[in-house]
Every structure is written in structure tokens, then in C-alpha cells.
Amino acid sequence: MTQILSMAVVAVFPVLVIWAAIADFMTMTIANRVSVGLFLAGLVALVVTGTPLAEFGAHLGAAALVFAVGFACFAMGWMGGGDVKFASAVALWLGWGHLLDYAVTFSVYGGLLTLLTLFSDRVLDPLPVLKVGFLARFQEHRRVPYGIALSIAALQIFAETPWMRLFV
């Protein structure tokens, strides 16, 4: 029963991460309920799987570090608040062991997404019918939906975590 419950809780991760990516693409916003749900599911997953207290604290520490660095980026105008909260929730799941991999991966994807967005703005400008989702709003706001990069990186790194052993 515990194994089934653990699998069910862990299955929430990819669902919410994909939801965040789609929402950010369509609206340039990651709703608080997605980040809070991901964070709470992470807490439940850590409890249900019997994570030792020290490791539990390490996961919380990883989330706190990401939130602190993200808050500084938000204050400088480099990152949106929804992205900061979402990345912190992802960090809770990944813990210290995968945090650097996550940061490097979302940075690379974020850079590629930024280049794609800038390129598509120039290419799609004469073809307004092809502007959908964030591409339609990019010209107005000049913002990149970084939640897409955060989500793709989260799914990639999550596949390498011990959480996936529950499904094997």
C-alpha cells in the first residue's frame, strides 16, 4: 500500500510540471496553486517514502536556497515571481544532489528559449497569424516564459533521481 501511495504522490510531479509549462506558454504566468501544490506534494512524498530527517532538511534547504537566489533575481527584474516559486518547489523534490544539474540545465534551455523567442519575433512579425501563446505577447512585453525552460529541465533531471526507482 505504501508503495502505491508513494507512486501516486510522485506521479503528481510530472503532471504539475507540465501544467506549469503549458500555463506559462499560454499566459506568461505560473499560478501559485501549481507551485504550492508541487511543494506540498513534495513534502508528502518525502514523508510517505520515509526520508530520513537529515535528508528531509537538506531538501528543504535546497528549496530555500533556490528561493533566496530567485528572490534576488526577481528583485533585479531578471526573473518572474511565479518562476521563482516554481523553481523552489522543484528544488524541494530534487534536493542538493541534483540542484546543480538542474540549474545548469534550465540555464541552457532558458538561453535557447530566449534566442528562439528573439528569432521568432523577427520571423513571425510579418505573419501575425502564427503568433500564439507567449509569442503573441512577447512583442508587447519583451518577456520570456522561463517556466518552460524550468519545466523541461525539471522533467529531465527528475528522470535521474531516486524518485524514479519507485516506478522500476
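This is a predicted model: local features need pLDDT of at least 70, side-chain atom pairs count only at pLDDT 80 or more; totals for chains, interfaces and linings use all residues.
View 1. Apart from residues up to four places away in sequence, Ser-88 touches Ala-63, Val-66 and Phe-67. Ser-88 itself sits in helix 4. Its relative accessibility is 6%, so Ser-88 counts as buried. One of the residues it touches, Ala-63, also belongs to the helix 3 side of the contact between helix 2 and helix 3.

**View 2. Overall arrangement of the protein chain.** The chain has seven helices and zero strands. Along the sequence the pattern reads α-α-α-α-α-α-α. Of the 168 residues in the chain, 42% are buried. Where contacts join residues at least 6 apart in sequence, 74% of these contacts are between residues at least 24 apart.

**View 3. Packing of helix 2 against helix 3.** Helix 2 covers residues 32–48 and helix 3 covers residues 53–75. Their axes are 10 Å apart and meet at an angle of about 160 degrees. An angle over 145 degrees counts as roughly antiparallel, which means that helix 2 is roughly antiparallel to helix 3. The crossing of the two helices is right-handed. On the helix 2 side, Phe-39, Leu-43, Leu-46 and Val-47 make the contact; on the helix 3 side, Phe-56, His-59, Leu-60 and Ala-63 do. Sorted by class, the residues of this contact are seven nonpolar, one polar and no charged.

**View 4. Packing of helix 2 against helix 4.** Helix 4 spans residues 81–94, and its axis lies 9 Å from that of helix 2. The angle between helix 2 and helix 4 is about 10 degrees. Angles under 35 degrees count as roughly parallel, so helix 2 is roughly parallel to helix 4. Helix 2 passes helix 4 in a left-handed crossing. Helix 2 contributes Asn-32, Ser-35, Leu-38, Phe-39, Ala-41, Gly-42, Leu-43, Ala-45 and Leu-46 to the contact, and helix 4 contributes Gly-82, Lys-85, Phe-86, Ala-89, Val-90, Leu-92 and Trp-93. The classes in this contact are 11 nonpolar, four polar and one charged.

**View 5. Leu-43 and its contacts.** Leu-43 is a residue of helix 2. It takes part in the contact with helix 3 and in the contact with helix 4. Neighbours within four places in sequence aside, Leu-43 is in contact with Phe-56, Leu-60 and Leu-92. Phe-56 and Leu-60 are listed for helix 3 in the helix 2 contact, while Leu-92 is listed for helix 4. The C-alpha atom of Leu-43 is 8.2 Å from that of Trp-93, a residue 50 places away along the chain. The relative accessible area of Leu-43 is 22%, so this residue is partly exposed.

**View 6. The stacked pair Phe-13 and Phe-158.** The model contains eight aromatic pairs. Phe-13 belongs to helix 1 (residues 2–27) and Phe-158 to helix 7 (residues 146–158), so that the pair links distant parts of the chain, 145 residues apart. Phe-13 is buried because its relative accessibility is 0%. Phe-158, with a relative accessible area of 4%, is buried too. Phe-13 and Phe-158 form one aromatic cluster together with Trp-93 and Trp-163.

**View 7. The tilted pair Phe-71 and Phe-74.** Here the ring centres are 6.3 Å apart, with 40 degrees between the planes. Both residues lie in helix 3, three residues apart, which is about one turn of the helix. Phe-71 has a relative accessibility of 47% and so counts as partly exposed. Phe-74, at 42%, also counts as partly exposed.

**View 8. Backbone at Met-28.** Met-28 is not a glycine, yet its phi is positive, about 65 degrees. The residue lies in the loop between helix 1 and helix 2. With a relative accessibility of 10%, Met-28 counts as buried.

How values were computed. Residues are numbered from 1 along each chain as its sequence is written. Side-chain values use heavy atoms; hydrogens and water are left out. Axes are lines fitted to C-alpha atoms, for helices over the stretch in contact, and angles run from 0 to 180 degrees between N-to-C directions. Helices (H or I, at least four residues) and strands (E, at least two) are DSSP runs, numbered from the N terminus. Angles under 35 degrees count as roughly parallel, over 145 as roughly antiparallel, 65 to 115 as roughly perpendicular and the rest as oblique. A crossing is left-handed if the near helix is turned anticlockwise from the far one by less than a right angle, and right-handed if clockwise. Contact means heavy atoms within 4.5 Å. Ala, Val, Leu, Ile, Met, Phe, Trp, Tyr, Cys and Pro count as nonpolar, Asp, Glu, Lys and Arg as charged, and the others, Gly among them, as polar. Rings of Phe, Tyr and Trp (its six-membered ring) pair if their centres lie within 6.5 Å; planes under 30 degrees apart count as stacked, over 60 as edge-to-face and the rest as tilted. Buried means under 20% relative accessible area, exposed over 50%, partly exposed in between (1.4 Å probe, protein chains only).
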